[in-house]
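Subject: Structure handover

Hello,

Here is the structure I promised to pass on. Please open it before you read the rest.

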Amino acid sequence: MKYLMILLIALLAGCVQTQTNEWAQYKVNDITIKWLGHSAFIVDGEKTIYFDPFVLDANPKQADYILITHEHFDHCSPEHVKRIQTDRTRIISTFGCIEKLSGKTNSIKPTESFNYTFDSIYIVAYESYNNDKSYHPRGDGVGFLVDFNGTKIYHAGDTDNVEEFANLTQEKIDVLLVPIGGKYTMNATEAAAAVKIIKPRVVIPMHFNSAKYGITDVEADAEQFKALLGGSGIDVVILKAAA
Ligand SMILES: [Zn+2]
C-alpha cells in the first residue's frame with residue numbers, strides 16, 4: 001500500500017510537471033505574449049500587436065498593429081485580418097500580402113523600418129528566406145524586429161538559418177519567435193543552431209504541430225528543441241497554442 005501511494009504521488013508529480021512545461025502566455029516587462037497557434041501571436045501592452053494572424057481566439061481583441069511576414073495564406077489571411085482590423089489599425093507587410101488587404105497598409109522590405117514614436121514602437125525588417133528549399137525565396141519575406149517600449153521582440157517568419165542572423169546578435173533581443181517545424185522552415189535542430197547565433201534572452205518556438213489548422217508536415221518536438229539549447233543560457237519558453 002505504501003509503495004502504491006509513493007507510485008501515485010510520483011505519477012501525479014509527473015502530471016503537474018507536464019502542465020507547467022507549457023505556458024499559456026509569457027510576460028516580459030509590461031508586455032504579454034500569447035501564441036495563438038502556427039505563426040500567429042498577440043503581443044499586448046499599451047498597444048495590441050498581432051503577428052501573422054492566421055489563427056485567432058473566438059472573440060479576438062482589436063489590433064493596433066498587424067505585422068505579416070509574407071504573403072502565404074497561412075500568414076497573410078485577409079479573412080482573419082478583417083476580424084481584428086479597425087479604421088486605425090496599421091498593417092505592415094510585404095508587397096505581395098499588402099496587395100490582398102485594405103485599410104492603413106504599408107509595405108516593407110528587408111532593412112526598411114517604421115518608427116511610431118507616439119506609441120513607443122519601432123519596427124525594422126530583416127531577411128527571412130530558405131537556404132536550400134524553394135518555398136521562400138530571398139527578398140519575398142521579412143522577419144520583424146519590434147522595439148516595443150524598450151522590449152525587443154523578433155518574429156522570424158518562415159526562414160532557414162540565414163547568414164543575416166549574425167547581424168541580430170548585437171540587437172540583444174529579449175524574445176525571439178522562431179519556426180521549428182521543418183519542411184518549409186528550419187527544423188528543431190537547425191533552429192537551435194540559429195538561436196545560438198542570435199543569442200536572445202528568451203526563445204519561443206512556433207510554426208509546428210499545425211495540423212489542426214490544416215497545415216501538415218510541420219510536426220516537431222518542442223521539448224527536443226528545448227533540450228538542444230540546454231546550457232546555452234537562453235531560456236526556452238514553450239507556449240500552449242491558445243486557439
Ligand atoms: Zn510561407
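Below is what I found, from the whole protein down to single residues.

Please note that this is a predicted model.

Overall picture

The protein has five helices and 16 strands. Its radius of gyration is 18 Å, close to the 18 Å that the globule rule gives for 243 residues, so the protein is as compact as a globular protein of that length. Along the principal axes, the C-alpha atoms fill a box of roughly 65 × 40 × 35 Å. Of the 243 residues, 42% count as buried. I also looked at contacts with a separation of 6 or more: residues 24 or more positions apart account for 53% of them.

The seven-stranded sheet

Start with the open sheet. Seven strands form it, in the order β9-β10-β11-β12-β13-β14-β15, and the pairing is mixed. The edges are β9 (113–116) and β15 (235–236). Each has a single partner strand, so one side of each is left without a neighbour in the sheet.

Now go to β13 (175–179). How many of its residues are buried? Five of five, so to speak: β13 is mostly covered. Val175, Leu177 and Pro179 point one way from the strand, while Leu176 and Val178 point the other way. In a regular strand the side chains alternate between the two faces of the sheet.

β13 has parallel pairings with two strands that are worth checking on screen. With β12 (residues 151–155), there are three bridges. Here Ile153 stands opposite Val175. With β14, there are five bridges. Here Leu177 has Ile204 as its bridge partner, and Val178 stands opposite Pro205.

The helix on the sheet

Helix α4 packs on this sheet and touches β13 and β14. The direction of α4 makes about 155° with that of β13. Together, β13, α4 and β14 make a right-handed β-α-β unit.

Which residues of α4 (residues 188–198) are buried? They are Ala188, Ala191, Ala192, Ala194, Val195 and Ile198. Seen down the axis of α4, these buried residues fall within an arc of 165°, so they line one face of the helix. They pack against β13, β14 (202–206) and α5 (222–228). Just after α4 comes Lys199, with a positive phi of about 55°.

Strand β3 (residues 31–37) has six of its seven residues buried, so β3 is largely enclosed by the rest of the structure.

β3 pairs in the antiparallel sense with β2 (residues 26–28), over three bridges. Tyr26 stands opposite Ile33 in this pair.

The bridge partner of Trp35 in β4 is Phe41. β3 and β4 form a hairpin too, with two residues between them. In that turn, His38 takes a positive phi of about 55°.

Where to look

Best wishes

Conventions: Residues are numbered from 1 along each chain as its sequence is written. This is a predicted model: local features need pLDDT of at least 70, side-chain atom pairs count only at pLDDT 80 or more; totals for chains, interfaces and linings use all residues. A residue is buried if 20 or more other C-beta atoms lie within 10 Å of its own, exposed if 12 or fewer, and partly exposed in between; C-beta atoms are placed from the backbone. Helices (H or I, at least four residues) and strands (E, at least two) are DSSP runs, numbered from the N terminus. The arc is that of the directions from the helix axis to the C-beta atoms. Two residues are in contact if their C-beta atoms, placed from the backbone, lie within 7 Å. The radius of gyration is taken over C-alpha atoms; the globule rule is 2.2 Å times the number of residues to the power 0.38. Two strands pair if DSSP finds at least two bridges between them. Axes are lines fitted to C-alpha atoms, for helices over the stretch in contact, and angles run from 0 to 180 degrees between N-to-C directions. A crossover is right-handed if, with the strands pointing away from the viewer, the path from the first strand over the helix to the second runs clockwise.
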